[in-house]
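Subject: Structure for you to look at

Hello,

Here is the structure I promised to pass on. Please open it and keep it beside this email as you read.

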Amino acid sequence: MVKKFWLNEISFTWKVLVPMLIVVLSFFILTATYTYSNTKKIQLQQLEKELSLEIQSIEKQFSNELFQKRLIAERIGEKDEVVTYLQKAYTRDNVNFNDSNNSVQKLLDDAKSKSSYIDLMWITDADGEFMIGNSGLLAEDMIGIKNRPWLTIAKKNEGVINSKPYQDEHTKTRTISVIYPVTTNGKRLGYIAIDMALNNILPTAKAGGITGQNILLFSSDWQVLFDENQMWPLLKKEHISLNISTPVSIDKGKYYVELRKVSNSDWKMGVYVPEEKVLAPLKDFQKRIVFFWLVAILFLLFVIKTVMTYSMKDFNSVVDQLKQIEKGDYTKKFKIQRRDEVGRIADAAEHLGKQIHKQMEILNFQASFDMLTKLPNRSSIERRIDVGIRHCRLQNEEMTVAFIDVDNFKDVNDTHGHAYGDELLIQVGKRVQTRLSKSSYLGRFGGDEFILLLKANCEASQQNLNEILLLFNEPFHLNGHDIYVTASIGVAIYPRDSKSRAGLLAKADTALYEAKKQGRNRIEFFQGEMQESFEKKMRLEAGLRTALENNEFELFFQPQLNVSLGYMASAEALIRWNHPEWGIVPPDEFIPLAESSGHIRSIGAWVIDEGIKMAKTLKQHYPRLHRIGLNVSSVQLRERNFVEQVKTAIAKYNIDPSLIELEITESVVIDRLEETIEKLTALKKLGIALALDDFGTGYSSLNYLRRLPIDRVKLDRSFIQEMDEDPKMATMVHYIIEMAHSLGLKVVAEGVETEKQMQMLNMLQVDKIQGYFYSRPITQEGLFTFVDEKYGEIQL
């Protein structure tokens with residue numbers, strides 16, 4: 001009997017698994033070795049790239065700071081007041097160098113406050129003697145300043161110099177000074193200097209990155225200016241070239257070093273990083289991956305026994321198909337016809353490919369187009385502007401950048417809903433496109449703003465934009481409703497207004513703001529004076545955020561005269577903003593800003609509270625006071641809890657509600673009629689009087705009088721100012737007063753400025769007048785004085 005070969009005694013499973021285990025382990029060892037070696041190589045290559053990028057970033061920021069401070073020093077040195085100041089010192093003229101309020105002092109303080117990383121700014125005479133510095137810097141702090149090494153170097157140079165780092169005796173920090181010599185007609189008058197702490201202008205040294213604290217700074221002759229860890233003596237034994245990452249082996253290990261020249265100076269900068277720091281995570285990862293690989297191999301061998309004979313072929317097919325998806329073939333169909341797991345995987349992979357294909361198409365579209373209007377989006381517009389600027393620069397042509405903004409778009413959303421607003425934007429885009437040439441470019445910038453680019457000069461653009469503005473004369477048909485809107489357009493011209501994309505957009509936006517300010521439905525081209533107005537608006541809007549906290553608002557009061565009897569019984573409260581910089585800011589400047597920014601809610605609540613408190617005070621002094629009028633904005637009235645706010649304030653001061661009269665404008669009524677009537681009725685039930693302000697300025701006020709629960713109408717000043725010169729206007733005023741009286745309403749005439757106007761209104765039986773003829777708006781104390789001196793008591 002033939003002896004059985006020992007291999008035949010081993011089961012088929014082991015015959016497969018053992019060789020496979022050997023193969024897999026061998027493959028793993030080779031792969032792991034190769035992977036580690038290759039990964040290490042890649043890590044070190046990446047280290048060199050990151051080292052170069054980091055030193056570029058540090059050097060750029062460092063040189064930019066030096067350059068910016070150089071520009072600051074040059075600008076200050078060219079100021080007339082600085083030159084005059086130094087000339088007086090040069091000629092020994094009478095100059096008060098210790099006057100902290102002189103213009104030079106303020107110039108230094110202003111420059112320091114507007115620029116980062118400036119520690120000190122100072123000025124010396126031609127001999128290096130300290131003259132003046134920023135606030136808080138005294139002459140005794142700068143004793144010995146001319147003994148610093150800068151003076152000798154500065155005297156030999158005409159331009160700006162950067163001093164080497166030194167220990168500043170005043171700030172006790174390592175400091176660099178930027179020195180600008182001031183020279184006039186060949187005479188050296190003095191020097192302007194900016195001191196910067198070295199640690200502040202090397203921010204990356206503290207921010208981390210791959211280098212951490214490892215930064216070097218050298219003079220032109222390789223004198224060490226900054227070496228926090230004292231590493232340069234160890235590293236310099238190797239030859240290190242500029243702009244190349246160089247490996248250096250020292251006792252502490254292997255380091256990578258890179259040196260680079262500092263722009264705008266003759267200095268050099270270096271960074272270094274230990275190789276161990278970079279490779280430490282790799283070694284830790286190597287240990288973990290070995291463990292997981294071993295576990296995975298064992299598990300794999302266990303699973304293979306079951307599935308190898310049945311699914312390997314189809315499984316490999318699935319893998320092949322997935323590789324096709326990886327290569328970008330998302331739509332190729334799988335050829336596997338199975339209902340088990342492999343079949344479902346194949347189906348899922350095919351579906352995934354289709355979904356990825358669809359999403360890629362959407363992402364590609366979203367990257368360049370607005371999903372709502374299908375117009376180019378903001379990023380596309382900005383790219384197109386950049387292309388247009390390059391083209392116009394080469395061809396010496398002009399380009400127009402126009403902001404088109406839909407007026408009162410928010411009202412459409414609030415009144416009809418966002419679906420109407422979205423449809424309106426779509427139709428606006430389509431309608432504007434009908435008037436554009438092939439060379440024009442229209443996109444949606446965001447919200448209700450569109451950007452239009454025209455390859456045209458100012459005159460041609462004006463004509464084209466006028467045609468676009470006329471498009472808004474026709475209504476927009478939105479879901480069965482005709483909606484009328486207008487547009488405001490702000491325009492900037494390349495290269496007249498700016499040569500950069502950011503500048504063109506900013507100035508077109510400024511012009512758009514001016515168009516809004518001038519009444520909307522118009523075109524405004526950027527003018528230089530607009531920038532100042534725009535900046536003031538921004539500063540006013542910023543000031544509104546803290547005006548209440550800083551108690552900058554105040555209520556003034558304008559008395560109202562009973563014409564027929566000749567006495568005062570009521571007054572209107574008028575808010576004034578006492579701005580710390582511009583003094584009294586009239587309401588017509590800051591109220592629209594407060595409404596658009598949302599600050600009107602808190603300001604309006606303050607007016608209600610302060611006005612009711614004043615009404616109580618007046619009532620205590622003058623028991624026969626009739627009422628105090630308080631103005632309410634549309635934004636306030638829209639608040640859900642507005643009635644509760646008023647009710648709470650009345651209860652807080654425990655006053656009779658009839659002492660308060662709330663004044664609303666016609667625009668508030670028209671905006672949301674039913675909601676307004678509901679809230680006014682609730683206020684009326686509390687006992688509060690109601691008045692319709694600026695009556696007659698709207699086209700439909702008379703239609704609402706019969707429905708509104710008001711007590712008085714206030715005749716707008718535009719009628720009063722013309723009635724004594726225009727008989728037709730006087731007749732109109734007469735009919736308005738008669739109509740209001742027939743409805744049981746009292747009439748107050750605003751803006752009465754002459755005795756003739758007052759006499760005419762008396763003949764027309766107006767109930768009360770208000771205006772400069774009787775009294776200007778006055779403070780609370782002024783109101784008490786007015787009543788006491790003129791009447792001794794408020795009468796009924």
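At roughly what angle do the axes of helix α13 and helix α14 cross? Keep that in mind while I give the ground rules.

This is a predicted model, so local features need pLDDT of at least 70, side-chain atom pairs count only at pLDDT 80 or more, and totals for chains, interfaces and linings use all residues. Residues are numbered from 1 along each chain as its sequence is written, and side-chain values use heavy atoms, with hydrogens and water left out.

**The helix pair**

The axes of α13 (residues 501-517) and α14 (residues 528-547) cross at roughly 80° and come within 10 Å. Helices (H or I, at least four residues) and strands (E, at least two) are DSSP runs, numbered from the N terminus. Axes are lines fitted to C-alpha atoms, for helices over the stretch in contact, and angles run from 0 to 180 degrees between N-to-C directions. The two helices are therefore roughly perpendicular (65 to 115 degrees; under 35 is roughly parallel, over 145 roughly antiparallel, the rest oblique).

From α13, D509, T510, A511, Y513, E514 and K517 take part in the contact. They meet M530, Q531, S533, F534 and K537 of α14. Contact means heavy atoms within 4.5 Å. By class, this contact has 4 nonpolar, 3 polar and 4 charged residues. Nonpolar means Ala, Val, Leu, Ile, Met, Phe, Trp, Tyr, Cys and Pro; charged means Asp, Glu, Lys and Arg; the others, Gly among them, are polar.

**The mixed sheet**

Now find the open sheet of 5 strands ordered β13-β14-β12-β17-β18. Its pairing is mixed. Two strands pair if DSSP finds at least two bridges between them. β13 (441-446) and β18 (523-525) stand at the edges with a single partner each, so one side of each has no neighbour in the sheet. Neighbouring strands are turned by 20° against each other on average, direction ignored.

Inside this sheet, β12 (residues 399-406) and β14 (residues 449-454) pair antiparallel over 6 bridges. There, I404 stands opposite F450 in β14. Helix α12 (residues 458-470) packs on the sheet and touches β12, β14, β17 (487-494) and β18. The direction of α12 makes about 160° with that of β18. α13 packs on the sheet too, touching β12, β13, β14, β17 and β18. The direction of α13 makes about 145° with that of β17.

Look at the loop between β17 and α13, where P495 lies. The peptide bond from Y494 to P495 is cis, with omega near 0°.

**The antiparallel sheet**

Another open sheet of 5 strands runs β8-β7-β11-β10-β9, with antiparallel pairing. Its edge strands are β8 (224-227) and β9 (246-250), and each pairs on one side only. The twist averages 25° from one strand to the next.

β7 (residues 215-218) is joined to β8 by 3 bridges. L216 has D227 in β8 as its bridge partner. The loop between β7 and β8 holds W222. Phi of W222 is near 65°, a positive value in a residue other than glycine.

Start with the helix pair, then trace each sheet strand by strand.

Best wishes
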